[in-house]
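Visitor: I am new to this structure. Please walk me through the terms used for it.

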Amino acid sequence: MKVIDYKFYVNGQWKESQSGQMIEIQSPYLYEMIGRVQAMEKEEVDEAISLAREVQVEWANTSLQERAKYLYRWADELVNMQNEIAPIIMKEVGKSLKDARNEVVRTADFIRYTVEEALHMHGENMKGDSFPGGSKSKIAMIERVPLGVVLAISPFNYPVNLAAAKLAPALIAGNAVIFKPATQGSISGIKMIEAFHKAEFPKGLVSLITGRGSVIGDYLVEHKGIDMISFTGGTNTGEHLAKKAAMIPMVLELGGKDPGIVREDADLVEAAKQIISGAFSYSGQRCTAIKRVLVHEHIGDKLVGILKEEIERLAVGSPEKGNTVVPLIDNQSADFVQGLIEDAIEKGSKVVTGNKRDRNLIYPTLLDHVTEDMSVAWEEPFGPVLPVIRVSSDEEAINIANKSEYGLQASVFTKDINKAFMISNKMETGSVQINGRTERGPDHFPFIGVKGSGMGVQGIRKSIESMTREKVTVLNLSL
Ligand code: NAP
Ligand code: G3H
């Protein structure tokens, strides 16, 4: 395969780094290099940020309708380029072609909805005399203004969608953006920016910085030219960033350990269908994957039987063949998942199916009789392994669910809507899905991680709000 050297993007131009250093991107399933990206230097980062600061002022003064036109053009270009971008996502992060194409189309939909949401967001007025002693002649006009330069850092697993989910709200609100994609995912990010470039946005408004997070990450996060950080990635990285970034607003969307709670009265066939799709699609490399099942002991055997049958039907192998369970992003990730499986077996868990490995391809694995002393009960595997913990009551399920350091989402499967609400009310998570798998979409819903799963809210309107602040202008009339 021909190896392409990709350039970084600053001032509307594609450039090579003065460092002369390149980072090799290996495909997780072709086991060969598919391209190289630039390891940028600090001076090049400085140039991008200083340009962003300049251009942002004019962009914020551009009318909303005008900004909207650029974003619509970007969405159109993404759709036009889907046959070029989707195969690159597939090769770079090992996602099936169908899922990769869905990601591109979903992103275009996201951008369009973001524009429409912004067009319908309005400020408010307040009158002084509604407060004791206040005057009727004082009127506050409250509007939202951009924060300035947003640093967008995205993870590998949705290299286009989770990046654009930061860029689009930032831009429509009048911000400039410094975009740092995950290194494994940066070629897909570059392709997304090629579509952006075709939309002819003002030069310097968005720059794409490539380089390892461990090398340039801290420099970016601590840079005085950054006004807001929108980060999606692992909890450890998020916590590190939060310590580094002083006094600037941040939204952190981090890891998860979403439980699927299955009550005695659940429709087990439907619950199993949702659990399997939640746990194993894209090999469980989704923050919102169902990562543990808490099932009532009276129906445990039955549910495990159905899950086993369905898991053994999952298509496993190369993403080029449209398989659901595909090789993990790298060998280190596969080693981590394998370690969790082995720890569970050693401590007495039963392998119902799976526990087979071929390089970084882990076959879908179901572990039964998992107990609280096993790491797989608590750790986020980001791989195709599903632990089943048997419980004797709703209270026990709630207790184990909430003991987790994470708090992204939870699913509750039951026919009793009152019980579903009772459990939902007690769940320490951003969202609870009743009789459905845990998932982020539809993308205009608020998406919230609490505890180790994050800080702040995403979702289209909420993202725009997080990248703007309220500004009050007070009219003092002579009435
Ligand atoms: P990651 O290793 O934390 O990397 C995320 C991003 O952070 C990458 O762009 C990475 O760059 C960058 N980074 C690393 N160190 C940095 C530093 N010191 N300063 C600034 N940036 C730094 O996560 P991942 O492996 O890509 O993604 C998997 C994790 O993300 C899982 O835990 C998953 O649950 C979570 N996730 C959460 C959500 C959500 O919305 N809650 C969505 C998707 C994924 P490099 O690639 O160059 O290291
Ligand atoms: O990996 C984290 C993503 O935000 C999950 O999105 O639920 O649409 O797969 P998803």
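Guide: This is a predicted model. Start with the shell around ligand 2: its residues divide into three nonpolar, two polar and four charged.

Visitor: Which residues make up that shell around ligand 2?

Guide: They are Arg106, Asn157, Tyr158, Arg286, Cys287, Thr288, Glu439, Arg440 and Phe447. A residue belongs there if one of its heavy atoms lies within 4 Å of the ligand.

Visitor: What makes Arg286 a polar contact of ligand 2?

Guide: The cut-off is 3.5 Å between N or O atoms. A polar side-chain atom of Arg286 lies 2.7 Å from an oxygen atom of ligand 2. That value is within 3.5 Å, so the pair counts as a polar contact.

Visitor: How do you know that the side chains of Asn157 and Arg106 qualify?

Guide: Set each value against that cut-off. For Asn157, a side-chain N or O atom is 2.7 Å from an oxygen atom of ligand 2. For Arg106, the value is 3.0 Å, again from a side-chain N or O atom to an oxygen atom of the ligand.

Visitor: How much of ligand 2 does the protein cover?

Guide: On its own, ligand 2 has 310 Å² of accessible area, and the protein covers 96% of it.

Visitor: What surrounds ligand 1?

Guide: There are 31 residues around ligand 1, and the closest are Thr183, Gly213, Thr237, Leu254 and Glu380. The shell divides into 13 nonpolar, 13 polar and five charged residues.

Visitor: Which element gives the largest share of the shell around ligand 1?

Guide: Helix H7 (213-222). It gives five residues. Strand S11 (228-232) and helix H8 (235-244) also give two or more residues to the shell.

Visitor: Why is Leu477 called partly exposed?

Guide: Its relative accessible area is 36%. Buried means under 20% and exposed means over 50%. The value falls in between, so Leu477 is partly exposed. Leu477 is found in the segment after strand S27 (468-476).

Terms used: Residues numbered from 1 in each chain as written. Chains lettered and ligands numbered in written order. Predicted model: local features only at pLDDT ≥ 70, side-chain atom pairs only at ≥ 80, totals over all residues. Heavy atoms only, no water. Polar contact = N/O pair within 3.5 Å; in protein donor to acceptor, adjacent residues only side chain to side chain. Areas by Shrake-Rupley, 256 points an atom, 1.4 Å probe, with all protein chains shown as cover. Nonpolar A, V, L, I, M, F, W, Y, C, P; charged D, E, K, R; others polar. Helix = DSSP H or I, 4+ residues; strand = E, 2+ residues; numbered from the N terminus. Buried < 20%, exposed > 50% of the residue type's maximum accessible area, 1.4 Å probe, protein only.
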